[in-house]
Amino acid sequence: WFGANSQPQPVSTVAVETPVIEFVNPDACRILIVDDDDVVRKATEIKLRAQGYVVSTAADGPSAIHTARLERPDLILLDLNFPPDVSLSWDGFGIMSWLRRLEEFKRTPIIICTGSEGSDLARRAQADGAAGFFHKPLDYAALLGMIHLRLKASRRTQATSASDSFEI
């Protein structure tokens with residue numbers, strides 16, 4: 001193969017452009033999953049924890065509001081359909097409306113994840129201020145991409161707001 005006078009042959013190289021990705025530190029990002037389905041809630045929690053996110057969960061409207069106020073999530077994944085409660089009828093739109101009334105959640109990205117069908121749901125979610133909309137079964141790769149984008153945009157907005165409000 002190699003003789004005493006052999007020289008290594010140049011290897012042809014192909015320049016591959018590597019995209020520059022600004023990562024959001026998932027360890028510093030808190031996500032609240034609000035879904036009445038135990039399997040969906042647990043599967044989503046496992047996927048997000050595997051990515052390094054700090055995750056909390058809620059199974060209904062009252063616990064969603066309570067957990068959100070306690071945990072202060074950076075992003076919320078919210079189902080639309082919940083079983084009827086004896087005292088209140090909660091759905092995802094009602095939960096989102098309650099959260100948006102609280103000053104600390106006016107700018108928190110909320111991504112709707114639903115098994116409900118209907119072409120008007122995505123439009124209504126967008127009109128009500130949702131940052132994204134996914135049908136179940138969830139495409140976790142797409143969902144993780146959306147989470148990353150929304151958290152990055154949210155952090156950029158917070159930084160801009162903080163610098164805009166700073167006065168000497």
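Strands β3 and β4 run parallel and are joined by 3 bridges; strands count as paired if DSSP finds at least two bridges between them. The model is predicted, so local features need pLDDT of at least 70 and side-chain atom pairs count only at pLDDT 80 or more, whereas totals for chains, interfaces and linings use all residues. Residues are numbered from 1 along each chain as its sequence is written, and side-chain values use heavy atoms, with hydrogens and water left out.

**Overall architecture**

- The chain holds 5 helices and 5 strands, which are DSSP runs numbered from the N terminus (helices: H or I, at least four residues; strands: E, at least two).
- Read from the N terminus, the order of elements is β-α-β-α-β-α-β-α-β-α.
- The chain has 168 residues, of which 36% are buried; buried means under 20% relative accessible area, exposed over 50%, and partly exposed in between (1.4 Å probe, protein chains only).
- Of the contacts between residues at least 6 apart in sequence, 65% join residues at least 24 apart, where contact means heavy atoms within 4.5 Å.

- Strand β4 (residues 110–114) is largely enclosed by the rest of the structure, because 5 of its 5 residues are buried.
- Ile110, Ile112 and Thr114 point one way from β4, while Ile111 and Cys113 point the other way.
- Together with helix α4 (residues 119–127), β4 and β5 make a right-handed β-α-β unit; right-handed means that, with the strands pointing away from the viewer, the path from the first strand over the helix to the second runs clockwise.

**Asp79**

- Asp79 lies in the loop between β3 (75–78) and α3 (92–101), and is buried at a relative accessible area of 5%.
- Leaving aside neighbours within four places in sequence, Asp79 is in contact with residues including Val34, Asp35, Cys113, Thr114 and Lys136.
- The side chains of Asp79 and Lys136 are joined by a polar contact of 3.4 Å; the term denotes a pair of N or O atoms within 3.5 Å, where within protein one must be able to donate a hydrogen and the other to accept it, and residues adjacent in sequence count only if both atoms are side-chain atoms.

**Cys29**

- Cys29, in the segment before β1 (30–34), is buried at 0% relative accessibility.
- Cys29 and Leu75 are 46 residues apart in sequence, with a C-alpha to C-alpha distance of 8.0 Å.
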